[in-house]
Amino acid sequence: MGIATSTLNLAQGKLKVAAPYLIEQTWADYTPEQHAIWSELVTRRMPQLREHACKEYLDGFRQIGLQEHQLPNLSEVSALLQPRTGWQSTPVSGFLPADAFFEMLAARMFPTTTWLRSRDSMEYTPEPDIFHDVFGHVPMHAHPVFADFLESYGKICARLTDPLALERMGRLFWFTVEFGLIRQNGEIKVYGSGLISSHGECTRVLAGGCEVKDFNLDAVLNQEFQTSEMQPVLYAVESFDQIYEATKQAECRLV
């Protein structure tokens with residue numbers, strides 16, 4: 001039994017709702033063209049991120065062994081990530097229903113798609129691919145406080161049944177995990193995956209193209225958004241402890 005198969009079986013044994021969506025990543029099947037696309041995507045983003053991404057993202061990128069010249073092997077990523085925070089980058093077949101997604105977060109398994117965008121979709125894909133999921137999300141999972149926050153978020157959402165409460169928690173995810181900003185050393189830094197992985201959106205935000213407000217839980221829970229549009233308003237935290245505490249506060253209000 002290979003390492004990937006063994007890992008898949010273990011993951012399936014821990015999950016109920018999400019188990020049917022788990023797959024193996026066949027890393028050897030990626031083509032030279034796909035590795036070249038990954039390389040172009042990464043090398044395009046890194047100059048800006050080295051200057052404007054938060055320290056925790058850049059540290060995580062190095063700690064989980066991401067490479068600029070080839071697609072990540074998720075088993076190798078998880079082998080470096082799990083001893084640090086208990087998280088794994090777990091391959092899934094595609095978009096997950098909400099209950100399966102929350103179950104995986106609560107188990108510290110980040111659902112990771114294995115397909116890669118084509119060359120004619122370098123700027124944007126409507127559904128997350130491995131570049132968005134791994135390059136955009138997973139380095140932050142190496143940071144202990146962010147890792148605890150994300151697990152806590154999954155556990156809270158897994159218990160929610162009220163659609164409005166879930167919608168409001170979705171806004172918390174959107175304005176932190178996907179489009180989060182943080183103030184470090186007097187500057188705005190990016191950590192949300194939607195900014196990390198999108199050159200156009202990140203450039204626009206850094207150039208002052210959207211309003212940046214101080215993070216406020218009530219404001220975030222009530223802030224509507226459109227997934228298909230550039231964001232007019234984003235929120236900057238002072239630390240990752242702030243979003244961890246905000247999740248606990250949201251639980252008291254919504255559960």
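Helix H4 (residues 74–85) has twelve residues, which at 1.5 Å a residue should span 16 Å, and its end C-alpha atoms are 16 Å apart, in agreement. The expected span is 1.5 Å times one less than the number of residues. Helices (H or I, at least four residues) and strands (E, at least two) are DSSP runs numbered from the N terminus.

This is a predicted model, in which local features need pLDDT of at least 70 and side-chain atom pairs count only at pLDDT 80 or more, while totals for chains, interfaces and linings use all residues. Residues are numbered from 1 along each chain as its sequence is written, and side-chain values use heavy atoms, with hydrogens and water left out.

- Leu74, Val77, Ser78, Leu81 and Thr85 are the buried residues of H4, where buried means under 20% relative accessible area, exposed over 50% and partly exposed in between (1.4 Å probe, protein chains only).
- An α-helix has 3.6 residues a turn, so residues three or four places apart point the same way.
- Glu76, Ala79 and Pro83 are exposed on the other side of H4.
- Strand E1 (88–92), E2, H6 and H7 are the elements against which the buried residues of H4 pack, with contact meaning heavy atoms within 4.5 Å.
- At the N-terminal end, H4 is capped by asparagine 73, a side-chain oxygen of which lies 3.0 Å from the backbone nitrogen of serine 75.

**Nonpolar cores**

- The largest nonpolar core has 70 residues, of which Tyr57, Phe135, Phe146, Met169, Tyr191 and Phe240 touch the most other members; such a core is a set of buried Ala, Val, Leu, Ile, Met, Phe, Trp, Tyr and Cys residues joined through side-chain atoms within 4.5 Å.
- Helix H7 (residues 144–159) gives the most to this core, contributing eight residues.
- Another core, of eight residues, lies apart from the largest one and has Leu15, Val92, Leu96 and Met109 among them.
- Phenylalanine 146 is in contact with Met140, His141, Val177, Tyr191, Phe240 and Ile243, leaving aside neighbours within four places in sequence.

**Aspartate 129**

- The loop between strand E2 (109–113) and helix H6 (130–137) holds aspartate 129, which is buried, with a relative accessible area of 0%.
- Its side chain makes a polar contact of 2.8 Å with the side chain of arginine 117; a polar contact is a pair of N or O atoms within 3.5 Å, where within protein one must be able to donate a hydrogen and the other to accept it, and residues adjacent in sequence count only if both atoms are side-chain atoms.
- Not counting residues up to four places away in sequence, aspartate 129 touches Thr113, Trp115, Leu116 and Arg117.

- Arginine 108, although not a glycine, has a positive phi of about 60°.
- Arginine 108 is placed in the loop between helix H5 (98–106) and E2 and is buried, at a relative accessible area of 14%.
- Asparagine 185, also not a glycine, has a positive phi of about 55°.
- Asparagine 185 lies in the loop between strand E3 (181–184) and strand E4 (187–190) and counts as exposed, at 81% relative accessibility.
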